[in-house]
Amino acid sequence: MSLDNLILLTGRTISQGVALEGGKASRENVRACGICTFDADDFKKLDCIVGTPVKIITDYGEVVVYSTITEEGPHQGIIFVPMGPWANQLVNPSSQGCGTPTYKGMKAKVEVVKSGKVLGAIELIGRLKEA
Amino acid sequence: MAEIKLKIKKKLDFPLETDSITPDNFAGKTAAVIKKLPLFYATKQVTIGDFFDVSGKSTDVADTKIVIDGDVSNVKRIGEKMTGGEIIINSDIGMHIGNHMSGGKITVNGNADDWAGAMLQGGELEITGDAGHYVGSAYRGYWQGMKNGTIKVKGKVGVESMLWAKSSKPSNKWPTLYCGSADSFLGIHNHGGTIVVEGDVDRCVGADQAWGNIVIKGKVSRLLPSYKKVGEVKEVQLPNGEVIKGKFIEYSGDHTIKKETNGRLYIAA
Amino acid sequence: MVEKIRTEKDVSCPFCGTLCDDLEIDVDIKTDLVVEVRNGCQIGTKKYFSSNPSDHRYMKPLIKVNGEHKEVSWDEALDKAADILVNAQRPLLYGFSSTECEAQSKGVELAEMLNALLDNTASVCHGPSLLAIQDVGASLATLGEIKNRADTIIFWGSNPVHAHPRHLSRYSDFIRGYFRTDGRNDRNIIVVDPRNTHTAQIADKYIKVNPSEDYELIQAIRAVLRGSELDVKEVSGVPIDDIKELVEELKSCNFGVVFFGMGLTQSLAHHRNVDTAIRLVAELNDYTKFVLIPMRGHYNVAGANQVFTWNTGYAYSIDFSRGYPRYNPGEFSSVELLLRDEVDASLIVASDPGSNFPAASVKNLFKHPLISIEPHKTPTSAFADVILPAAIAGIECEGTAYRMDGVPLRLRKVKDAPGETLPDKEILERLIEKVKEKIGE
């Protein structure tokens with residue numbers, strides 16, 4: 001199942017903050033940041049259980065993360081990924097000349113990938129280092 | 001017209017800053033002298049001769065024409081502060097082209113990077129391709145930007161073009177931008193600039209405009225709620241004397257600013 | 001009785017821009033391990049505990065040899081780092097936000113010596129706020145004023161429950177103040193956000209704004225405030241009647257404040273969102289007292305802006321390549337420079353661009369030599385060529401930090417730095433000496 005015409009927001013969560021202080025290479029960090037939070041009604045359309053890996057695709061990249069349902073809704077049409085290595089595969093690097101990338105507001109689409117693998121932070125960022 | 005030809009002879013890994021390349025700096029100099037003028041590459045001071053083949057010679061400023069060939073897409077600040085003469089660039093050009101220019105003409109046969117014609121005080125800048133962000137804009141921290149002169153961009157201009165433009169009726173100074181289309185915040189904080197767009201513009205055109213005239217022949221993606229429809233016109237008379245014919249809906253704005261705005265926005269009917 | 005625990009009181013927490021100064025830290029005297037943290041939020045508490053040695057805390061300098069990090073002496077590591085910087089044509093010094101002011105000052109000194117690019121994390125965070133302030137000024141106040149006076153508090157594009165967890169209890173919501181003796185009941189909390197965040201859920205009013213359309217909404221509020229009639233039914237998803245009601249609420253309060261965050265700076269329009277918010281606050285002062293305060297993310301990014309400004313005249317995105325400081329966000333911002341691949345070596349201090357920069361820029365960051373001054377293993381340090389292990393400022397070394405409202409507070413040292421770690425300031429001083437030797441000063 002997939003969802004189209006979504007808007008991706010990124011930002012801080014308290015779990016993400018605790019995880020980043022606790023060790024960015026940790027499993028805790030993956031569970032805190034390698035996730036995508038959906039509006040409850042939007043999530044029903046994906047027809048999968050909470051925790052199923054989903055692939056998020058924007059014009060700037062794609063990444064596989066775990067799916068969850070928001071506690072900060074309703075926000076139909078909006079998905080939220082905590083700031084960090086997973087979100088940064090998706091954000092708009094352009095700053096329109098001001099220097100600060102556009103981390104919020106990208107158009108996105110989501111596909112369920114039941115057997116998708118959510119990578120750890122070091123492995124994910126390690127892919128950006130060419131051999 | 002005395003012509004000086006420059007051809008870039010090295011591939012650039014870093015930006016090359018060439019504020020010494022102006023008709024003012026070349027006037028009265030031979031190619032040999034011009035070759036010794038300073039440029040900046042990364043953190044090193046170099047010379048024009050290190051990076052360009054130079055031929056020809058110049059006379060006075062007004063009659064000096066500089067023609068630049070080769071890939072100068074990462075060359076910044078050509079034409080900075082020039083007061084006369086002509087520069088022709090046959091490639092894409094880097095940031096800050098013609099900044100603070102007060103006279104003369106620059107033609108870019110290609111695209112321009114950000115800050116093209118920033119702080120323009122006069123003269124003419126023509127770009128046959130697209131331009132980046134901040135075309136004809138004020139630099140950071142300045143509350144008055146382009147004060148006179150004309151910029152023509154055939155293609156699209158980036159965000160915040162003509163930021164803080166300032167005209168002067170007593171001095172008959174009308175900073176003007178002509179462009180094919182524009183990104184968001186065209187004419188933000190406008191204090192008298194004239195803008196004519198052949199095609200479409202993105203959101204927030206004329207944001208915080210205090211006075212000035214913006215003419216859009218295409219569509220506006222989202223008009224600010226603080227703009228008010230005044231009526232319909234069959235032509236627009238610009239303060240620089242030009243008349244634009246066609247049916248336009250006239251709006252006044254931006255009614256967000258505290259004092260009463262004299263700004264006008266015309267959108268094709 | 002033998003004392004087993006040493007308690008440090010009134011400790012300033014080195015996590016977020018709220019810079020809480022009331023933490024109590026218990027340290028085991030024998031092992032020098034943090035054993036308890038009182039008054040801190042979850043994140044601050046975790047930070048103190050993370051200073052205890054662990055498998056992701058660097059204890060010795062490391063150099064990458066054949067793809068593996070190898071332990072070396074300080075001398076060898078500093079020598080290699082200095083070599084990288086001196087041989088680079090256009091080095092970038094970035095970060096500085098999670099360390100104290102004296103270290104930041106050394107960073108400026110080093111950047112100037114190398115004619116380098118110098119930037120701090122404001123570049124990806126509240127840089128747009130600084131740009132806006134440079135254009136239109138700002139009516140600011142300290143957090144103490146908010147605690148004691150504010151009866152209308154707006155959180156715009158900011159979610160303090162998650163990002164500044166004790167902000168509401170110490171300064172902006174629940175706390176009793178001199179003129180707000182009934183605490184929460186004396187305050188009117190308004191949240192503007194595309195999502196019904198946890199902060200919105202405990203507010204008095206939640207305004208749902210369409211993502212990336214804050215600018216139009218603030219323009220509409222300003223227009224209604226000055227008496228303009230708007231000919232629309234809604235702006236940015238907010239009904240015009242709600243906008244009119246909000247304006248009346250803001251005009252009639254005693255002391256209002258707008259706290260704003262990444263919702264404004266990281267969305268389209270960036271600094272123009274902040275520009276119009278600042279103008280709104282200024283215009284509200286025709287009716288009542290209104291101020292605004294940016295919700296700074298890191299505990300000392302404001303300090304980095306201060307220190308860079310005292311020394312160079314500019315707060316961030318600075319270029320020394322022509323022998324004197326120049327400033328132009330966009331042109332000299334770290335992410336833009338990396339996207340254009342215009343940097344050929346980097347020194348990353350007290351920050352983690354590997355995690356926090358867009359992927360395309362991190363790709364180019366990793367193409368060139370990278371030196372990381374960092375206490376922990378992060379997606380930046382894991383790929384560094386040289387790792388210089390740092391003591392954690394505010395835990396293992398003292399210094400000054402600036403709170404989000406510009407108030408400087410002293411950071412305390414509650415325990416010794418473990419292993420061979422050194423304070424950032426000392427690492428940078430030693431690096432400066434090495435660089436001086438190599439460039440023959």
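## Chain B: contacts and overall form

In chain B, 45% of the contacts with a separation of 6 or more join residues 24 or more positions apart; two residues are in contact if their C-beta atoms, placed from the backbone, lie within 7 Å. This is a predicted model, in which local features need pLDDT of at least 70 and side-chain atom pairs count only at pLDDT 80 or more, while totals for chains, interfaces and linings use all residues. Residues are numbered from 1 along each chain as its sequence is written, and chains are lettered from A and ligands numbered from 1 in the order in which they are written.

Chain B holds three helices and 17 strands (DSSP runs numbered from the N terminus: H or I of at least four residues for helices, E of at least two for strands). Of its 269 residues, 53% count as buried, that is, with 20 or more other C-beta atoms within 10 Å of their own. The C-alpha atoms of chain B fill a box of roughly 60 × 35 × 30 Å along the principal axes.

## The barrel of chain A

Let's turn to chain A. Here six strands form a closed barrel in the order S1-S5-S2-S4-S3-S6, with mixed pairing; two strands pair if DSSP finds at least two bridges between them. Neighbouring strands of this sheet are turned by 45° against each other on average, direction ignored.

Strands S3 (residues 53-58) and S4 (residues 61-69) of chain A pair in the antiparallel sense over six bridges. A:Lys55 stands opposite A:Val64 in S4(A).

## A helix pair in chain C

In chain C, helix H9 (residues 214-225) packs against helix H10 (residues 240-251) at an angle of about 60°, with axes 9 Å apart. Axes are lines fitted to C-alpha atoms, for helices over the stretch in contact, and angles run from 0 to 180 degrees between N-to-C directions.

C:Ala220, C:Ile221, C:Val224 and C:Leu225 of H9(C) meet C:Ile243, C:Lys244, C:Leu246 and C:Val247 of H10(C).

## Where chain C touches chain A

Between these chains, 54 residues of chain C are in contact with 45 residues of chain A. H16(C) gives the most to the side of chain C that touches chain A, with five residues.

Notes. Buried ≥ 20, exposed ≤ 12 C-beta atoms within 10 Å, placed from the backbone.
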